[in-house]
Amino acid sequence: MKTISIFTIILLAVFCFVRTGFAKLPPQARQNLYKAQLLLDEEKYAEAAAVIKKYIDSTTETVDAQVFLVLGGAYLQTEDDKQAYDIFKQGFTLHPENIHLCRNTAVTAYKLERYNEAGRFLEKTYTLQKPADPKTLFQAGSMYYKGDNFKSSIRVLQKLISQTKNPDKEWISLAIHALLENGQPDKAKAMLLKYLEQVPDDSAYWKLLAKLYMDKEQLAKTAAALEIAYSLKHPSQHELEKLSSIYRYKEAPLLAATTLERAYGTTVSAEQALKIAALYASAGRISKALNIMDRYSENKSTCLKKGLLLFKARQFNDAYKAFQPVLGTKDGGKARFYMALCAWELKDWQKAKQELKTITGGNFKKRASGYLEVLLDIETAQMESIE
């Protein structure tokens, strides 16, 4: 976008420059340029180009820079960018101090998608400017970046930033990305930290910093950077889910749970509720986990999970009741087995025995038989003590 607007300025400068400088030209050049200018005024660009080209091919005079500027401009108007590029470059080779030819060569190189050449000619333009315009150097860095020449982009941008008291945000931004593309994440991070000192409210670059920390597996710093980013700009559900995963990996289940709650808001599905509840449970917040389950999830699968949570919390009477709705489902055997264990923990041996005997198939039948043997041993011991 910036480069296209520059191109427009350059094109206007070409014609203004030509119109005001004819008097200084040799007679033959002046005569042909006046003729060409009349054709240009009538928008007969191809005819104007033909007049000037014939002059260049036939003259023994040193061809003035303005001649190349007018011819290149005429070719641009006919949308013959390749011819325009060749003419501007030829002219600049003969007149290496002419800033207009240099800049126009850069512009036409850009139009032809020769980005590295555009970058080189913009660098040369910068050295010819009096005073030098920092924006031109930034444009050179941008062209190198667009041409995947990240090393040159870094060189130019670092020069620009180092010699400017208050460098523009976009200069630093492009330098950071060029460093990353060039495989220099540590230098990118150092520049990014300096940038964030100046612009601490840039959410996108806090996220970028988080990514650099993540690449180094510095999860605590990753999470901190993301929290700042999300405080500046409201995060998406997916972003908060990723942050919750980082907390979970860092064994911070309470932070993981609260982050998931932020992610899902008030429209929580049964599956999402179970994820949050599991995190609260692993953080030891059993009552909070149960509250989440009761509020958002009321199916038999939830009852099983709720019972298991209560069992682990050693709330055996409540766990026993929670398992009951699961009986008769595909998880009925598991629910019955844990009901037996609840009775066992409460030392209600008869109820435990009754539940274990009710289990008739599956893996839990084998596990139940082991407990039944223990119960028989307990009963035998009790009988012997009575005798």
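A crossing is termed left-handed if the near helix is turned anticlockwise from the far one by less than a right angle, and right-handed if clockwise. Helices (H or I, at least four residues) and strands (E, at least two) are DSSP runs, numbered from the N terminus. This is a predicted model, in which local features need pLDDT of at least 70 and side-chain atom pairs count only at pLDDT 80 or more, while totals for chains, interfaces and linings use all residues. Residues are numbered from 1 along each chain as its sequence is written, and side-chain values use heavy atoms, with hydrogens and water left out.

**First selection: α13 and α14**

Select residues 219-232, helix α13, together with residues 237-249, helix α14. Their axes (lines fitted to C-alpha atoms, for helices over the stretch in contact, with angles running from 0 to 180 degrees between N-to-C directions) come within 10 Å and cross at roughly 150°. That makes α13 roughly antiparallel to α14; angles under 35 degrees count as roughly parallel, over 145 as roughly antiparallel, 65 to 115 as roughly perpendicular and the rest as oblique. The α13/α14 crossing is left-handed. Contact here means heavy atoms within 4.5 Å.

Move to Glu-261, in helix α15 (residues 253-264). Its relative accessible area is 22%, so Glu-261 is partly exposed; buried means under 20%, exposed over 50% and partly exposed in between, with a 1.4 Å probe and protein chains only. Which residues does Glu-261 touch, not counting those up to four places away in sequence? They are Ile-276, Tyr-280, Lys-288 and Ile-292.

Ile-276 and Tyr-280 are among the buried residues of α16, which also include Gln-272, Leu-279 and Ala-281. Helix α16 itself covers residues 270-282 and spans 18 Å from first to last C-alpha, close to the 18 Å expected at 1.5 Å a residue; the expected span is 1.5 Å times one less than the number of residues. Just after α16, look for Gly-284, whose phi is positive at about 85°.

Next select residues 316-323 (α19) and 332-345 (α20), which pack at an angle of about 160° with their axes 9 Å apart. The two helices are therefore roughly antiparallel to each other, and their crossing is left-handed. On the α19 side, Phe-316, Ala-319, Tyr-320 and Phe-323 meet Ala-335, Tyr-338, Met-339, Cys-342 and Glu-345 of α20.

Is α20 largely enclosed or open? Because 10 of its 14 residues are buried, α20 is largely enclosed by the rest of the structure. Among them are Gly-332, Phe-337, Leu-341 and Trp-344. Lys-347 follows α20 and has a positive phi, near 60°.

In the loop between α19 and α20, pick Gly-328, which is exposed, with a relative accessible area of 82%. A distance drawn from its C-alpha to that of Thr-93 gives 90 Å, across 235 residues of chain.

**Final selection: Phe-323**

Return to Phe-323. Together with Ile-176 and Leu-192, Phe-323 touches the most other members of the largest nonpolar core, which has 124 residues. Such a core is a set of buried Ala, Val, Leu, Ile, Met, Phe, Trp, Tyr and Cys residues joined through side-chain atoms within 4.5 Å. Leaving aside neighbours within four places in sequence, the contacts of Phe-323 include Leu-304, Gly-307 and Leu-308.
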